[in-house]
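User: Could you go through this model with me? I'd like to start with the charged pairs and then turn to the helices.

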Amino acid sequence: MEDDVTGEKEEESIMEYLRKQVPDWDDEVKCTARFKAFSGQRTDWEPLYVFWRDLILNVARHLHIFIIRPSQVNVWFDRGGLVPLCLDQVLLEMYAAGELLRNVGVADPAGGWVSQIFRRVVNLGGLLRPSTQENLAEDYYIIPVLLKEKALQVVQALSECHWTASCVITWRKFQEISGGLKEAHAVLNHLCEHGKAKYLVINKKDLMEGVKVSLSARALSGTTSLDLDVLHLIWTVEKLEHQLNVIDQRWKRSRASALASLKLGNKLVALKCAREMKLASLSREKCTALLNRVEEVLAVIADAEASKEVAEAIQIGTQAIKENGINYDEVELCLQELSECIESQKQIEEILGSNAAGAEIEDEDIEEELKELEMNFAEVPTQTSTGVDAVVAGAQETADALSESLSKIHLTHHARKDLEAEHAVESMGAMSKDGNREAVLS
């Protein structure tokens with residue numbers, strides 16, 4: 001029943017998404033053209049193929065999945081029993097172009113290296129490629145682009161929970177983050193191919209599986225005995241947490257039975273249930289104490305790894321300083337100056353913040369300030385006009401004096417006229433500039 005409800009909600013979500021992505025999705029004429037089978041040359045149906053390919057990728061991304069089945073894709077685009085006739089060919093073209101990867105062709109990182117090499121050779125040889133559309137409909141297919149996005153999401157989720165360069169988690173936890181068993185195998189295979197993850201297994205009394213994932217840009221160099229010990233401790237923590245949940249459920253059932261027995265007046269059964277509650281409480285205390293001890297050990301290991309990374313970073317920095325011929329005193333001086341600059345900036349920000357927070361401006365103060373500004377602007381044009389008149393008078397006097405001087409020296413008539421004209425032009429230019437200033441100020 002729950003699966004049916006989930007399927008209906010998924011169909012409604014897909015239909016709503018399709019109408020947003022394709023505004024004319026309900027147009028009967030365009031729908032008929034899109035749902036027809038491919039015919040003619042590739043150039044004839046290439047645009048239709050690109051449309052369906054992009055739509056398949058977008059819907060899968062909308063559903064947060066990267067493993068699909070052809071029959072599932074047909075359900076996505078079902079319009080009252082009408083299914084696109086070209087979908088099978090679209091999927092085949094996507095597979096031929098490497099945009100789909102057959103799930104059985106994904107190497108199992110838990111398997112041996114011989115099995116992984118065999119699968120890669122088979123994939124390269126094309127032995128696993130379906131030759132007919134009937135074979136295609138029976139398989140699960142991985143979308144490599146979305147697989148890469150999912151792998152990045154898994155690494156990001158682990159980075160938010162761990163602050164070291166790498167982490168070790170159990171296989172069960174990795175499945176939960178990846179979204180399922182098939183998804184976990186595909187993500188792990190992708191990370192292993194890029195050197196970002198390693199599969200871990202411990203064959204003791206109980207089979208313990210885990211994954212070591214790199215959370216930095218560097219690839220994993222390999223696994224150590226410490227990684228297996230950490231996996232054993234993490235597996236123990238998860239087992240103890242599960243045991244605590246079982247104990248809590250048992251205690252709740254015993255308490256409910258004790259209350260029911262008391263209501264019915266059956267004291268013997270109530271005492272028996274109370275004894276079971278006491279035993280459950282004691283078991284919980286022991287289990288909690290053991291869980292705390294294991295978590296303390298894991299915390300110590302994490303601190304040691306962080307200290308090791310810090311020591312490596314210091315060593316790299318020291319080597320870089322030596323190679324570049326930098327003096328330690330210069331580095332210390334630069335750090336000191338940087339600290340002083342930061343401190344000064346903080347003080348300035350505090351002062352500005354305190355002034356902004358403590359300033360209380362009233363409307364009356366604003367009105368008085370506005371009146372003062374209006375009076376100042378009223379006085380400026382008068383002063384400016386007086387200054388302009390003085391400049392004009394001075395320019396006229398300069399021109400008269402220059403004319404008198406020219407008359408005293410025996411210049412030619414034409415030369416004197418030219419000079420007087422030039423000085424007149426300059427005087428007029430000065431007057432025009434002062435006039436412009438007056439206009440701006442007014």
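User: Before that, what should I keep in mind about the numbers?

Analyst: This is a predicted model, in which local features need pLDDT of at least 70 and side-chain atom pairs count only at pLDDT 80 or more, while totals for chains, interfaces and linings use all residues. Residues are numbered from 1 along each chain as its sequence is written, and side-chain values use heavy atoms, with hydrogens and water left out.

User: OK, how many salt bridges are found in the whole structure?

Analyst: The search finds 15 salt bridges, a salt bridge being a side-chain nitrogen of Lys or Arg within 4 Å of a carboxyl oxygen of Asp or Glu.

User: Which residue does Asp227 pair with?

Analyst: Asp227 meets Lys212 in a salt bridge, at 2.9 Å from N to O. Because Asp227 lies in helix 11 (residues 225-264) and Lys212 in strand 6 (residues 207-214), the pair ties together parts that are 15 residues apart in sequence; helices (H or I, at least four residues) and strands (E, at least two) are DSSP runs, numbered from the N terminus.

User: Is Asp227 buried or exposed?

Analyst: Asp227 counts as buried at 5% relative accessibility, and Lys212 counts as buried at 10%, where buried means under 20% relative accessible area, exposed over 50% and partly exposed in between, with a 1.4 Å probe and protein chains only.

User: And what about Arg53?

Analyst: Arg53 forms a salt bridge with Glu99, with the closest N and O atoms 3.6 Å apart. Arg53 lies in helix 3 (residues 42-62) and Glu99 in the loop between helix 5 (87-96) and strand 2 (101-102), so this pair links parts that are 46 residues apart in sequence. Glu99, at 25% relative accessibility, counts as partly exposed.

User: Switching to helix 5, which residues are buried there?

Analyst: Leu87, Val90, Leu91, Met94 and Tyr95 are buried in helix 5. Seen down the helix 5 axis, the buried residues fall within an arc of 135°, so they line one face, the arc being that of the directions from the helix axis to the C-beta atoms.

User: Why would a spacing like that give a face?

Analyst: An α-helix has 3.6 residues a turn, so residues three or four places apart point the same way.
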